Amino acid sequence: MTYYESTGHLLLTPVDREAPARVQRLRELGLGERVDAELDAFARRVADVLAAPYAGVNFIGEERQFFAGLHHAAEAPASAYPARVLARDRGYCPHVVVRRRALVLEDVRDFARFAGNAVVDESGVRSYAGAPLTDRRGFVLGTVCAVDVVPRRWGTEGLATVKSLAAELVELLHAREDRRRTA
């Protein structure tokens, strides 16, 4: 865990030493800077499969997160969430990227490290399931995630599902990269 040196308070967002290399890799792949209809459709699929009101395909930069794919159900509560761009210190995807493994939070308020995140109070996020998008070079580019405004029991099935969806999306991104190389 990292603490602010001057105050001793817990730093809620992990230090991300791989961010500069990740940003370069995202540029190579043409990701993380613009909305992508195919990734919006994939986010919709994530929401449907996990029965969540919000889902995204999120790429993490040095200072911000960008949801190139984003979906919110028509019946989802009106709020500022989800937004296409978030500061890196908001939400849970940066934790998934730095940890390099999936994260499931049935109720974010049960965890001191996550309960104080701005998306809880400002946007009403209460539960989260996210998995890393690790490319063939070993870069964790971002996440596939689903969130809800009520506590959720994602369970091992939800964890396995979000990891499977992330693996599926990585294959789609690899196919895109291969097409770009041969074009």
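What share of the 183 residues of the protein counts as buried? In this predicted model, 50% of the residues fall into that class.

**Overall architecture**

The protein contains 6 helices and 6 strands, and along the sequence these elements follow the pattern α-α-β-β-β-α-β-α-α-β-β-α.

**The aromatic residues**

A search of the whole structure finds 3 aromatic pairs. The rings of tyrosine 92 and phenylalanine 114 form an edge-to-face pair, because their planes stand at 70 degrees, with the centres 5.7 Å apart. This pair links distant parts of the chain, since tyrosine 92 sits in the loop between β3 (85-87) and α3 (93-99), while phenylalanine 114 belongs to helix α4 (residues 112-115), 22 residues apart. Tyrosine 92 also pairs with tyrosine 128, and here the arrangement is tilted. Tyrosine 128 lies in strand β5 (residues 127-134) and tyrosine 92 in the loop between β3 and α3, so this pair ties together parts that are 36 residues apart in sequence.

The two pairs are set out below.

| Pair | Centre to centre | Angle between planes | Class |
|---|---|---|---|
| Tyrosine 92 and phenylalanine 114 | 5.7 Å | 70 degrees | edge-to-face |
| Tyrosine 92 and tyrosine 128 | 5.4 Å | 55 degrees | tilted |

Tyr92, Phe114 and Tyr128 belong to one aromatic cluster, which also includes Phe111. Tyrosine 92 is buried, with a relative accessible area of 2%; phenylalanine 114 counts as buried at 9% relative accessibility, and tyrosine 128 counts as buried at 1%.

The largest pocket has a volume of about 160 Å³. Of the 14 residues that line this pocket, Val23, Gly32, Glu33, Gly61 and Arg64 are the closest to its centre. The lining divides into 6 nonpolar, 3 polar and 5 charged residues, and α1 (19-29), β1 (54-60) and β2 (64-72) each supply at least two residues of it.

Helix α1 also holds arginine 22. Is this charged residue buried or exposed? Arginine 22 has a relative accessibility of 1%, which is under the 20% cut-off, so it counts as buried. Leaving aside residues up to four places away in sequence, arginine 22 touches Asp16, Ile60, Gly61, Val97, Phe139, Val140 and Leu141. One of these partners, Gly61, is also among the residues closest to the centre of the largest pocket.

Definitions and conventions. Residues numbered from 1 in each chain as written. Predicted model: local features only at pLDDT ≥ 70, side-chain atom pairs only at ≥ 80, totals over all residues. Heavy atoms only, no water. 1 Å grid on protein atoms, 1.4 Å probe; cavity = no way out; pocket = protein on both sides within 12 Å on 5 of 7 lines; lining within 4 Å. Points joined across faces, edges and corners; volume = space filled by probe spheres on them. Helix = DSSP H or I, 4+ residues; strand = E, 2+ residues; numbered from the N terminus. Nonpolar A, V, L, I, M, F, W, Y, C, P; charged D, E, K, R; others polar. Buried < 20%, exposed > 50% of the residue type's maximum accessible area, 1.4 Å probe, protein only. Contact = heavy atoms within 4.5 Å. Phe/Tyr/Trp six-rings, centres within 6.5 Å; stacked < 30°, edge-to-face > 60°.
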